[in-house]
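Here are my notes on this one, written as numbered points. Have the model open while you read, and find each residue as it comes up.

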Amino acid sequence: MDERKSTLREKLNRKKTTPKKVLVVLAALIGIVFVVLRGAYVSGDEMEKQLQQNLQDVAKQNAEILYARIGAQYKLLTSLAKELDDVTEDTIEAKLEHFEIFMDDFHLKRFAFCFPGGMTYSTDGGVEDLSYREFYKRGMEGAASITGILTDALTVDDTQVNVITVPVYGGDGKVSGVFGLAYDTMAFNESLQIESFGGKGYSCIISEDGEIMAQVGEDKFKLSQNIFDDVLKEDERNEEVIVQLQEILEQEKEGSGVLYLAEKSYYYCVPVNLMDGNVHWYILTVIPDEVLVSRMRPIQINQYETSLLVGILIAVGAMFMLFVVQDNNKELMRYAYVDPLTQAANSMKFCTDMEIREKREGYLIMMGITNFSNINIVAGEDATDLMIQETWKIISSSLQKDELAGHVRDDLFLLFFTDTKEQDMLERMENISAKIKEKARVLRVYGIGAEYGVYQIAEDESIESAYSKVRIAKDFAEKKAETPYAFYSEIDRAKAQHEKHLEERFPRALAQEEFEVWYQPKYSAQDCTVVGSEALVRWRRYNGEMISPGEFIPLFERNGMIMKLDEYMFRSVCRQQKRWLEEGKKIYPVSINISRATLYGEGVEQRYAQIMEEVGIQPEYIQLEVTETVIQGHSNVNKILKRFRDMGIKILMDDFGTGASSLATLSTQCFDILKLDKSLIDHIGNKDGETLLYYIIKMGQQMGLYITAEGVEKEEQFAFLHNMKCDDIQGYYFSRPLPKTEYETMLENNE
Ligand code: C2E
Ligand code: CA
Ligand code: CA
């Protein structure tokens, strides 16, 4: 122990600085300040250019949302309309009831159907003559339409709605009614709220004749007003703007300029083509000039402030250092060891104190605040700082003689308790948690608590080693549901080690071809012949042990190794298909899984195309399975998928019906085949589940998608899917995934 102390003292002594060094440091600091100030300088011109670019981006982003939202509703309407070709007043209500499952996903208020003559039935039970409505008249003439904002005729609550309608054709090819949906204008409006320029920018949707259909951001525009007559005419300076904008609307083009809404503002206007080109709406995004000015100001002020601050810092720093150099360097150490927000020891100080203390038996604890980020979200940054300070007070006042604590950063604290009984230590932690909860309650933030990683430190263990263990324990405590604390000793070390082992083993396993492709055949739901298969990876270890993908795919997805594995599987399947072809065998399309990480990787489509070219395999024999989350998470993915499809590779939407699946995805046109997940198939036999499945399949089919059902295990599931005219079946009912040779045998018998 003495030895440790003396080496530390040596370290401290070595920190002594000479005045010469101080001068060098000063010169360096001045240089840095100069460079920083130059770098921070942004010219007004550049700023304006950047702002205008942002404006355009926001407008286009809004346009995309509008296009997707209305597009999805329109497609839904046209596909469901086909179900209404022979509907009568007796059957209409039952039909409409079935459609209700779509209302949430598509944010709808209702569906309604108008019979010739105008009598209208709706999903919320209303029956009303709407023959006076324009959409009814246009619908009966065979035209689709979207209305401006209407006062809802089917409820008494005066809500505002927009109505989209399409004509319905009877068996004789004549219009037999008008089918429509209504969305709540306000709800639609809210769904559009893309914040721009820190809430200072605003947008609106306008129709061809200038009516405001929705507005985003500050209340400058009012629903139902006319942009020309009610908004722009208010200010004389807009005379030219009106001409410009009218020209933009007439010619259906993009445009930008300056307009005046009390204050000078910039605008950008983009057209959005809706409903097969039947309707042209526009997004107008506006930002006040003041934003530009106010953005410039802080930068300028910032420049002054920064230089002033840095100047002061240099002076203080120089004095401080001189003082330190002359006096004692213990002060310097203190300065480097204190957390400025809490005045607590920082982790360096904590560890040093631990290092030099005589007795070390006890519990090393890392504490974090549960749902810490909520405080910032709910109560703001100041409250967050306050919470950290209060937490430190709670912790430091709970310390007993000879115990230590420190503040690592944010909500992370280190504690060292000398209790000898576990129960005592746990009680003290509970006590701290209760006080923290109470403080959070005062700040009106709920769901706050504390979580602890605990490590019983060994006497002769280095502090670094103990520190890394307590961190692992803390991470584990976060995931653990049963108690707010976790002991390092309880963590399943074997599991962590196993994963580490798999990671380390991966490169060699790949090189030594330990990964095998297994094939799970897909069968036609109509004549039960094999029509293709899915490639599934299996890891056969050198010792013969088989590892299932569930054990390593999630791990490899986390660490990025999946890219290599996916590519390996892709190449293996391409080669195998080619080999079968050369052997004169009949081959079927094989679908290969491609993970999110792989798809997001740079140039994946070129690499896959190159592999296919090298092997010499036609794209119709290769398909790719992607999950729905892939499409939701990344705007570029649509383009990547499109490039694959342009190459002739079919894309399957995997696991549809799990987690965040949305019926709206069916209309994205990013894929060719819909794979219904096992969880949906398991619902066969229950009425609601079957209804849902019925409409998913119907809608998928009407969108031109091919439907594959996955995880089919039972006769009755197969029968239902057969009756529904589902295309393919994959599941244990027909076959489990098979090793290559067994798959070959099965194919031979199939012929
Ligand atoms: P997945 O893509 O949804 O694959 C279907 C899984 O369901 C397979 O599990 C298959 O064996 C299983 N399955 C098929 N029919 C039935 C059935 O009737 N009943 C039941 N209970 N299960 C059935 P497996 O092979 O264990 O694969 C699990 C997951 O691992 C796959 O789910 C996929 O997400 C991933 N995976 C497998 N191979 C690869 C690969 O090469 N690359 C990537 N990125 N992921 C892969
Ligand atoms: Ca799959
Ligand atoms: Ca699947």
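1. Let's start in a loop. Asp410 sits between strand S14 (404–409) and strand S15 (412–417); strands here are DSSP runs of E with at least two residues, helices are runs of H or I with at least four, and both are numbered from the N terminus. The phi of Asp410 is near 40 degrees, a positive value in a residue that is not glycine. At 44% relative accessibility, Asp410 is partly exposed; that label covers what lies between buried (under 20% relative accessible area) and exposed (over 50%), using a 1.4 Å probe and protein chains only.

2. A word on the source: this is a predicted model, in which local features need pLDDT of at least 70 and side-chain atom pairs count only at pLDDT 80 or more, while totals for chains, interfaces and linings use all residues. Residues are numbered from 1 along each chain as its sequence is written, chains are lettered from A and ligands numbered from 1 in the order in which they are written, and side-chain values use heavy atoms, with hydrogens and water left out.

3. Ala262 also has a positive phi, near 70 degrees. Look for Ala262 in the loop between strand S10 (255–261) and strand S11 (263–274). With a relative accessible area of 72%, Ala262 is exposed. As background, most residues other than glycine have a negative phi.

4. Now the metals. Which residues coordinate the calcium ion (ligand 2)? They are Glu534 (OE), Asn593 (OD1), Glu625 (OE) and Asp654 (OD), at 2.1 to 2.3 Å. Donors are N, O and S atoms within 2.8 Å of the metal (3.2 Å for Na, K and Ca), and sites may look incomplete because water is not among the atoms. Glu625 is in strand S22 (residues 622–627) and Asp654 in strand S23 (residues 650–656), so this pair ties together parts 29 residues apart in sequence. Glu625 and Asp654 are both buried.

5. Asp655 in strand S23 and Glu710 in strand S25 are 55 residues apart, so to speak a link between distant parts of the chain. Asp655 is partly exposed at 27%, whereas Glu710 is buried at 14%. Asp654 bridges the two calcium ions, ligand 3 and ligand 2, which lie 3.9 Å apart.

6. Glu710 turns up again at ligand 1: one of its polar side-chain atoms lies 3.5 Å from an oxygen atom of that ligand. A polar side-chain atom of Glu713 is 2.6 Å from a nitrogen atom of ligand 1, and a polar backbone atom of Tyr732 is 2.8 Å from an oxygen atom. The protein covers 79% of the 800 Å² of accessible area that ligand 1 has on its own, by the Shrake-Rupley method with a 1.4 Å probe.

7. Thr708 belongs to strand S25 (residues 706–710) and is buried at 1%. Neighbours within four places in sequence aside, its contacts (heavy atoms within 4.5 Å) include Lys522, Ile673 and Asp728.

8. How many disulfides are there? The count is zero, where a disulfide is a pair of cysteine sulfur atoms within 2.5 Å. Cys574 is buried at 0%, and Cys670 is buried at 6%.

Definitions and conventions
A polar contact is a pair of N or O atoms within 3.5 Å; within protein, one must be able to donate a hydrogen and the other to accept it, and residues adjacent in sequence count only if both atoms are side-chain atoms.
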